Amino acid sequence: MKEEAAPPSPDPKEVAPGVIRVQLPINFTGLGHTNMYVLEDDRGAAVLDTGLPGRSAWSAIRRGLGAAGVPIARIHTIMVTHSHPDHFGNAARLMAESGADLLTHTAFQIWWTPDDHLALDEDEMARHAEARAGRMPWHGASQHRSIRARARGWWMRNVGHRMYPTPSPTRRLIDGEELQLGRRTLRAVHTPGHTADHLCWFEPETGVLFSGDHVLPSITPHIAGIGAGPDPLADYVASLDKAVALPGVGLVLPAHGDPIADLAGRAASIKNHHEERLDQLRHIVEASGPMTVENLAEELFPKRSWGFMAESETFAHIEHLRFLGEVDRAEVDGRVVFGAVGH
Ligand SMILES: [Zn+2]
Ligand SMILES: [Zn+2]
């Protein structure tokens, strides 16, 4: 079993000086827990990431903080690395019970909330509207999936968000901004790619990097083909280089799995994985004619992984090749197809 898929440990653990890890349960493909990091200071405590919404993660938060000797009322700051539910899930409830501030990147955007604060250009606005409507930019043929996605979107916007209170950031940070927590200084490091709003936190004095989902120990973070900018794979690789270039990173504390000691080594192997995937795609489009994203995904992934996530990841990779000028994109009978340039 990959370490990210391991069930949550019931006991809080000090993983770096003054940094307590509490693991929260999550039942999602390939993931068994989300790490919540707790940093105490003279005013109380800050927490980083808050697990999936729901009863089991909430009781794990209560239990974990209790065992760590940190009453919820003492939490003054919540940092959320990015807009995925296994990270922001309990932030609103924690805010309500503690009055804590919520810090995110400026681009923080939960998909069912209004996005007016983002100042999007026309292309981005169109992409967001498509995603909200449950329509994939690769115009997949699986209508039932699309209808289901639409239904889910409607339900979340009209019903679900009342069951899962949506947190509103009280402070939105840009890259390089610093946060003072007692004697600690943490620096916000914008690392778009996995999502456009992904933020890592770096403590220059100790070399600790809280990496969220940007760098994980054994699985490669999902690169989504929608809602993450025109070329999220290029963004992601640039953000990996950016993390590696931080001066003096010693220990990486990820959102899933155990601490990572060798950031440069891990980043190199993740990059390698994406290079291999791009090479596979180059060969596939070279060998066959123009193909839809679904067909490409079926070539790239084993059958058990077929579906939306595989298609989204494939779309991000084939679009990257298009931006490199290696493949062409066309629309045939309402379907988006990709083929090798000059074929
Ligand atoms: Zn994520
Ligand atoms: Zn995650």
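## A tour of a helix pair and a sheet

Select helix α6, residues 232-245, and helix α7, residues 263-287: their axes come within 9 Å and cross at roughly 165°. Angles over 145° count as roughly antiparallel. That makes α6 roughly antiparallel to α7. Keep in mind that this is a predicted model.

Look at the handedness next. The crossing of α6 and α7 is left-handed.

Now show the side chains where the two helices touch. On α6, pick L233, V237, L240, A243 and V244. On α7, pick L263, A264, A267, I270, K271 and H274. What kinds of residues make up this contact of α6 with α7, nonpolar, polar or charged? Nine are nonpolar, one is polar and one is charged.

Select strands β8, β9, β10, β11 and β12. These five strands form an open sheet, in the order β8-β9-β10-β11-β12. Their pairing is mixed.

Which strands stand at the edges? Colour β8 (178-181) and β12 (251-254) to find them. Each has a single partner strand, so one side of each is left without a neighbour in the sheet.

On average, they are turned by 25° against each other, with direction ignored.

Finally, zoom in on β10, residues 199-203, and β11, residues 208-212. The two run antiparallel, and three bridges join them. Where does E203 find its bridge partner? Select V208 in β11: that is the partner of E203.

Methods
Residues are numbered from 1 along each chain as its sequence is written. Chains are lettered from A and ligands numbered from 1 in the order in which they are written. This is a predicted model: local features need pLDDT of at least 70, side-chain atom pairs count only at pLDDT 80 or more; totals for chains, interfaces and linings use all residues. Axes are lines fitted to C-alpha atoms, for helices over the stretch in contact, and angles run from 0 to 180 degrees between N-to-C directions. Helices (H or I, at least four residues) and strands (E, at least two) are DSSP runs, numbered from the N terminus. Angles under 35 degrees count as roughly parallel, over 145 as roughly antiparallel, 65 to 115 as roughly perpendicular and the rest as oblique. A crossing is left-handed if the near helix is turned anticlockwise from the far one by less than a right angle, and right-handed if clockwise. Two residues are in contact if their C-beta atoms, placed from the backbone, lie within 7 Å. Ala, Val, Leu, Ile, Met, Phe, Trp, Tyr, Cys and Pro count as nonpolar, Asp, Glu, Lys and Arg as charged, and the others, Gly among them, as polar. Two strands pair if DSSP finds at least two bridges between them.
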